[in-house]
Amino acid sequence: MANVTVIGAQWGDEGKGKIVDWLAERADCVVRFQGGHNAGHTLVVGENVYKLSLLPSGIVRGTLSVIGNGVVLDPWHFRDEVAKLAGQGVTITPENLHIAETCPLILPFHRDLDGLREDASGAGKIGTTRRGIGPAYEDKVGRRAIRVCDLAHLDDLDLQLDRICAHHDALRAGFGEAPIDRARLMAELADIASYILPFAKPVWHTLDQARKRGDRILFEGAQGVLLDVDHGTYPFVTSSNTIAGTAAGGSGLGPSAVGFVLGIVKAYTTRVGSGPFPTELEDETGQRLGERGHEFGTVTGRKRRCGWFDAVLVRQSAAVSGITGIALTKLDVLDGFEELKICTGYMLDGKQYDYLPPHPQDQARVVPVYEVIEGWSESTAGARSWADLPAQAIKYIRRVEELIQCPVALVSTSPEREDTILVRDPFQD
């Protein structure tokens, strides 16, 4: 049996939650390996709707769930999210949820800095969720982060606090803010420590033992490849690597453990926040896609920008992330369109590109080259086999495969987990 790594192949919000939940029932362990609580996953299980932002999606199934070392953890948000799910009947204990001891913590001053920077950036703002994700990653690579394991050694934290305060107090002063209140911070850490520490584990060891047993491990990415700090539309990106290769470093397993890479791809394109979006539709068609697809961010509630499917970007995502197969989601949103468009290339200053240029000004100026495809009037909602799909919908899927140079493994036709067409089983690959 293969392990499976699930990543978003666009700008996030592709429907990863449902697909991970669908796969988690057959997995022995689900692992989050990057990002923080800025990534929203919505799961629909029968009459219940679960909105997750930090916890691995497998937790609602009772599957062993792991928050890997590549994640930045807001301990207070973690406590609140666990309490919210407990109120929905989901049992979460240190037996079924493990947090890497080496996870960096998102602290109150990280959230402060995130907001201060955005407010001061004017038209140059990136559009972060203001949850402290970026500043926490900065402290990690700056070697001044407080990690989960430090909560068990608060009496030894003075030198680390010296480094943190030397950095952040200077930044805060530049924004006219008071220095970090060390006494208050220590009190807050002492208060939360007893809640977090029972979940703290050497997850690299947990996963190594699982691998040796032949357990099926499902790696769950956050955001999408186009938000990768190296491979995305920089600087309008997240602060971590979102490609499949990060599953290895962000969990403590080697690259051979990544297994089948399943890229989640919406049948059209959406984006939240600032940044280039070549196929964006600021007209009635874009509004129609947004309304039919209920395009609002799970975490922020922000309205998503909508546009036609961009095969150039998905092909690029598949290449840099080694995607084995894609899961095409929200096909039913396209029902009833007389014609559909797929972006097959870009024009910029009289030159045609088969990839997105790296400079943000060029990215903002590219003009999409479209191929027009006949739509379908029949409903695809709830389809669970190829026989349930209109012939023209199948033609659309096949053309997407050709253009992105990657096969379709799954097709999702509604938020319900069972409304899924299985073409190729990732766990059997």
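Is lysine 16 buried or exposed? Select lysine 16 in this predicted model: at 4% relative accessibility, the residue counts as buried, because the limit for that class is under 20%.

**Stop 1: the partner of lysine 16.**

**Stop 2: arginine 26 and aspartate 425.** Select these two residues next. A salt bridge joins their side chains at 2.4 Å, N to O. The pair connects distant parts of the chain, 399 residues apart. Arginine 26 sits in the loop between α1 (16–24) and β2 (29–32), while aspartate 425 belongs to the segment after β18 (420–422). With 24% relative accessibility, arginine 26 is classed as partly exposed; aspartate 425, at 18%, is classed as buried.

**Stop 3: aspartate 158 and arginine 182.** Now select helix α5 (residues 158–174) and helix α6 (residues 182–196). Aspartate 158 and arginine 182 meet through their side chains in a salt bridge of 3.9 Å, N to O. Aspartate 158 lies in α5 and arginine 182 in α6, so the pair ties together parts that are 24 residues apart in sequence. Aspartate 158 has a relative accessible area of 48% and is partly exposed. Arginine 182 is partly exposed too, with 29%.

**Stop 4: a network.** Which residues are linked in a network of salt bridges? Select Asp13, Lys266, Glu295, Arg304 and Lys330 to display the linked residues.

Conventions: Residues are numbered from 1 along each chain as its sequence is written. This is a predicted model: local features need pLDDT of at least 70, side-chain atom pairs count only at pLDDT 80 or more; totals for chains, interfaces and linings use all residues. Side-chain values use heavy atoms; hydrogens and water are left out. Buried means under 20% relative accessible area, exposed over 50%, partly exposed in between (1.4 Å probe, protein chains only). A salt bridge is a side-chain nitrogen of Lys or Arg within 4 Å of a carboxyl oxygen of Asp or Glu. Helices (H or I, at least four residues) and strands (E, at least two) are DSSP runs, numbered from the N terminus.
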